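Please look over the sequence and the model shown here.

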Amino acid sequence: MTASDADARAAALFGRAFARAPEVHAFANGRVNLIGDHIDYAGGTVLPMAIAARTHVAASCAERDEAVSEWNEDLAWRRYAFGVLAELRALGLPIPRLSIAVASDVPVGAGLSSSAALEVAVARAALAAAGAELNPRELAIVCQRAEHLHAGVPCGIMDQWCVAHADAREAIALECDVLCARAIALPAELRIEIVDSGVRHALRDGGYAARRADVEEAGRLLGVTHLARLPRARWPEIDALPVRIARRARHVVTEQARVEAAIDALQRGDLARFGALLAESHASLRDDFDVSMRELDQLVEDALARGALGARMTGGGFGGCVVVAWQ
Ligand code: GLA
């Protein structure tokens with residue numbers, strides 16, 4: 001399905017639900033994280049990039065906020081949409097009441113940032129309706145706040161940042177401790193494939209918050225704000241932590257090292273090394289961080305057996321997609 005399909009579907013849905021034509025349209029792309037999972041909230045560096053699939057929003061001023069989508073009702077997606085409106089208004093922006101219709105080609109719960117795409121698309125539509133503007137950094141931060149406060153997911157900044165700055169040609173190396181980003185061009189011979197396991201997660205289910213709590217506990221015990229930045233000389237201290245907390249911390253510090261090595265490998269055009277780092281990242285998410293699943297492990301093994309450079313689960317885990325690197 002193409003992005004323009006979702007645009008037309010959002011407009012048609014709007015017409016059916018609200019019996020008039022929408023005044024504004026907006027969209028946001030999904031994202032895939034190449035490497036660096038579960039370290040954004042530990043102040044680490046992540047390497048996501050935009051994907052072609054988009055979420056489209058059609059909207060018009062209304063007497064009260066109302067929203068329809070192609071999704072079924074039990075996804076609680078309205079909390080994300082109305083949460084964004086509430087947080088934009090809390091900034092003092094003159095956001096009118098809105099009727100909103102959403103159509104999306106970003107699969108929900110697949111680790112491709114359907115939530116951030118929804119948030120950013122709704123925010124862009126609301127800003128357009130208000131004649132107001134936010135820069136991509138402000139947009140990312142207000143959408144992350146909406147997810148924390150209204151959807152109850154204590155996410156990091158990676159998804160909203162990547163979606164608000166979307167560029168499907170380059171990856172973004174984002175240092176989440178200082179919110180400093182630079183573009184990383186991908187070697188022309190590298191091909192990135194996304195394979196969907198079909199298993200769906202909801203980050204609200206609690207596994208995500210539990211992992212984040214473990215990482216924060218590790219940071220507290222080690223006396224650091226950004227666990228991902230723990231100097232290598234202090235890594236042996238991790239062994240003295242309670243077993244589960246130590247495993248989480250080990251993932252975080254080694255994943256940060258892998259991201260740095262992966263950026264270096266991409267810049268040197270060393271695709272074999274890049275691929276090996278993806279495979280190591282998957283093993284760490286599976287064995288130390290406990291966020292993979294049998295279906296994801298199988299897809300990674302299959303890809304490697306078919307001759308891929310590397311493969312790993314991507315995003316929050318507990319289902320979703322694997323990202324595969326090919327030459
Ligand atoms: C979800 C969150 C992100 C990040 C990833 C895991 O996508 O929204 O902030 O923590 O999981 O890397």
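The text below takes up the ligand site, then a loop residue, then a pair of helices.

This is a predicted model, in which local features need pLDDT of at least 70 and side-chain atom pairs count only at pLDDT 80 or more, whereas totals for chains, interfaces and linings use all residues. Residues are numbered from 1 along each chain as its sequence is written, and side-chain values use heavy atoms, with hydrogens and water left out.

Around the ligand there are 13 residues, of which D37, H38, D40, D159 and Y208 come nearest; a residue belongs here if one of its heavy atoms lies within 4 Å of the molecule. By class, this shell has five nonpolar, four polar and four charged residues. Nonpolar means Ala, Val, Leu, Ile, Met, Phe, Trp, Tyr, Cys and Pro, charged means Asp, Glu, Lys and Arg, and the others, Gly among them, are polar. A polar side-chain atom of D37 is 2.5 Å from a ligand oxygen atom. From the backbone, a polar atom of G156 lies 2.8 Å from an oxygen atom of the ligand, and an N or O atom of G316 lies 3.5 Å from an oxygen atom of the ligand. On its own the ligand has 310 Å² of accessible area (Shrake-Rupley method, 1.4 Å probe), and the protein covers 98% of that area.

D65 sits in the loop between β3 (48-61) and β4 (66-69); strands are DSSP runs of E with at least two residues, and helices are runs of H or I with at least four, numbered from the N terminus.

The axes of α6 (residues 207-222) and α7 (residues 243-268) come within 9 Å and cross at roughly 90 degrees. Axes are lines fitted to C-alpha atoms over the stretch in contact, with angles from 0 to 180 degrees between N-to-C directions. The two helices, α6 and α7, are therefore roughly perpendicular (65 to 115 degrees).

Technical notes
Parallel < 35°, antiparallel > 145°, perpendicular 65-115°, else oblique. Polar contact = N/O pair within 3.5 Å; in protein donor to acceptor, adjacent residues only side chain to side chain.
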